[in-house]
Amino acid sequence: MSSRQSANSVFSAAFVRTADGWNGAEVDLSAAEIADDLGDAVQEHLGLNGDELALLCVEVEDEWFAIVRYQGDQEPRAFLSDAHAGLSDGLGELFTELAGVAPDKETPDLGVRPAGDFELLSDLGLSPEELIELSMEEGALPADTLSVIAERLAFADELDRLR
């Protein structure tokens, strides 16, 4: 099976919450073939070894973004800014799978449609309503939206350092 690279420009970074705040690392997802490979890449790049809380943040050019939450042995929780990401993007297919979305190729594109776990950041200070509102903001680019989310969750400095 070949990797599911994106034809668009991709930025991906993972952040782990520590006693001192958040630490981040850029994550290479180019070899990801299945959804589990995403979690393996996060674990490898951050050196995770326990029940740490980690967030994988991915932005694909001006198209979409995804956030995946990993914590210990729990199933990953994913949010995708646009459920249509998997229709035209190989990497997007992996995130639609994680978000539990079955892209409908027959339905016309009705604009941005967030999908997945809307509550994955609620215990960190970002409500489901705020997450949906941010992801659907008219004219906002995925990079800008992730910056706002990172600011709200207190890892904006780490995100900026990695960009």
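The model is predicted, so local features need pLDDT of at least 70 and side-chain atom pairs count only at pLDDT 80 or more, while totals for chains, interfaces and linings use all residues. Residues are numbered from 1 along each chain as its sequence is written, and side-chain values use heavy atoms, with hydrogens and water left out.

**The negative patch**

- Asp36, Asp40, Glu44, Glu75 and Glu97 form a negative surface patch, where a patch joins like charges within 9 Å among residues that have over 30% relative accessible area and no salt bridge.
- A salt bridge here is a side-chain nitrogen of Lys or Arg within 4 Å of a carboxyl oxygen of Asp or Glu.
- Helix 1, which covers residues 35-46, gives the most to this patch, with 3 residues; a helix is a DSSP run of H or I with at least four residues.
- Glu44 lies in helix 1 and is exposed, with a relative accessible area of 63% (exposed means over 50%, buried under 20%, and partly exposed in between, with a 1.4 Å probe and protein chains only).

**Positive phi angles**

- Most residues other than glycine have a negative phi.
- Glu61, although not a glycine, has a positive phi of about 40 degrees; Glu61 sits in the loop between strand 3 (53-60) and strand 4 (64-71), strands being DSSP runs of E with at least two residues, and counts as partly exposed at 38% relative accessibility.
- Ala154, also not a glycine, has a positive phi of about 75 degrees; Ala154 is placed in the loop between helix 5 (142-153) and helix 6 (156-162), and counts as exposed at 61% relative accessibility.

Definitions and conventions. Patch = residues over 30% accessible without salt bridge, like charges linked within 9 Å, V, L, I, M, F, W, Y side chains within 5 Å. Areas by Shrake-Rupley, 256 points an atom, 1.4 Å probe, with all protein chains shown as cover. Lys, Arg positive; Asp, Glu negative; His and termini not counted. Charge placed at Lys NZ, Arg CZ, Asp CG, Glu CD.
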